[in-house]
Amino acid sequence: MKIKGKEYRTIWFENNVVKIIDQTKLPHQFIIKDLKTVKDAINAIKIMEVRGAPLIGATAAYGLVLAIIESNDRSFLKKSSEDLINSRPTAINLKWAVDRMIKKLSGINNNEILNIALDEAKEICEEDVKFCKNIGLNGLKIIEEIYNKKKDTVNILTHCNAGWLATINWGTATSPIYHAHKKGIPVHVWADETRPRNQGANLTSYELNEEGIKNTIIADNTGGILMQRGEVDVCIVGTDRTLANGDVCNKIGTYLKALAAYDNNIPFYVALPSSTIDWNLKKAKDIPIEERNTEELSHIDGIDENGQIKNVRIYPKKSKSMNLAFDITPAKFITGLITEKGICKASEGELRNMFNLVYE
Ligand code: MRU
């Protein structure tokens, strides 16, 4: 998608270096950063220079390419794989991408391994672009249907950033919105601020602005009253891990929005590529929920009138705080899952049917 009118992807490979858009600097500064070693890739994932489930999966795949450039010692590759998988615990895409790379590379000799790894990392990205585009075309039908009934602007609430910045291009939750906009359907997005990292305000609003899509940033607690007032037609969010039973783990606060939507009879959809489905884990309580540094809560970045970026503390120094990064929305509160294959109910049977998988 576009930034200042120029098409970008979130990650690419050039001259033996992985290029990323440093998302810790957005929206105030647009900086393209080089990742030169696997350690750089691990650090970028940890400190969220790259974030969003599909994008951290792609970064892990390219991280292994960097590991191969650094050393042809297979034990280094194995250790790098483990470190990449452990760099953030919740999104399943990290493990999915690393497992896919390692499977592809097993039995490959040292002369060929770099080219094959690079091709596979590129393929992971291309596939994500294709899947996100299809999620958009499938989700477009939901927005179109609302518009055909309402004949007025469709108001969509989203949480965090499941936009193109969280993927390689298009986004998951935002892809139906971009497709609706391209088709001339009037849309307006309520962007939950998404404390503490403010991905909704800093990233979702930013990328929608760059594409000319109307949006309003709201504090995280505002969605409920907007739903009661009839100012939300549909909620569409992303996910970091969806279980086969349809339970969804996504950015902290998603669950509360789903509850409010359920109480107000507002459709609540989750958009996801199949790389975000965990077919193995049976119970949502077993998903590792990332707990991040409490400085993300107690401190905030901002820009002053002179264009200087400042980081300030907003809480009393002595106060204790807690920073859980994700929560679980049970399948019963979800109207449907928008995947690259189509839309299905958040249920084990429908999800497996959609992907032609048989019960084990
Ligand atoms: O902590 P983040 O910014 O990586 O969390 C991102 C989300 O929660 C997104 O909703 C999710 O990864 C889906 S991205 C298409």
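Guide: P196 lies in the loop between β7 and α7, where helices (H or I, at least four residues) and strands (E, at least two) are DSSP runs, numbered from the N terminus. This is a predicted model, in which local features need pLDDT of at least 70 and side-chain atom pairs count only at pLDDT 80 or more, while totals for chains, interfaces and linings use all residues. Residues are numbered from 1 along each chain as its sequence is written, and side-chain values use heavy atoms, with hydrogens and water left out.

Visitor: Is the peptide bond from R195 to P196 cis or trans, and what is omega near?
Guide: P196 sits in the loop that runs between β7 and α7. The bond that joins R195 to P196 is cis, and its omega is near 5°.

Visitor: Which loop holds P27, and what is omega near for the peptide bond from L26 to P27?
Guide: P27 is placed in the loop between β4 (17-21) and β5 (32-35). The peptide bond leading from L26 into P27 is cis, with omega near 5°.

Visitor: Where is N15 placed, and is N15 buried or exposed?
Guide: The loop between β3 (11-14) and β4 is the place of N15, which has a positive phi of about 45° although it is not a glycine. Buried means under 20% relative accessible area, exposed over 50%, and partly exposed in between (1.4 Å probe, protein chains only). With a relative accessible area of 72%, N15 is exposed.

Visitor: And C160, is that residue buried or exposed?
Guide: C160 is found in the loop between β6 and α6, and it has a positive phi of about 60° although it is not a glycine. Its relative accessibility is 7%, so C160 counts as buried.

Visitor: How many of the eight residues of helix α6 are buried, and what covers them?
Guide: Helix α6 (residues 175-182) is mostly covered, with six of its eight residues buried, namely S175, P176, I177, Y178, H179 and A180. After α6 comes G184, whose phi is positive, near 90°. Contact means heavy atoms within 4.5 Å, and the cover of the buried residues includes α5 (113-150), β6 (154-158), β7 (187-192), α7 (199-210) and β9 (234-237).

Visitor: How many disulfides does the structure hold?
Guide: A disulfide is a pair of cysteine sulfur atoms within 2.5 Å, and the structure holds zero of them. C132 is in no disulfide, as the nearest cysteine sulfur, that of C125, is 11 Å away. The sulfur of C249 is too far for a bond, because the closest cysteine sulfur, in C160, is 12 Å from it. The number of disulfides is therefore zero.

Visitor: What is the relative accessible area of C249?
Guide: C132 is buried, with a relative accessible area of 0%. C249 is buried too, and its relative accessible area is 0%.

Visitor: What share of contacts between residues at least 6 apart in sequence joins residues at least 24 apart?
Guide: The protein has 11 helices and 18 strands, and 55% of its 360 residues count as buried. Of the contacts between residues at least 6 apart in sequence, the share joining residues at least 24 apart is 74%.
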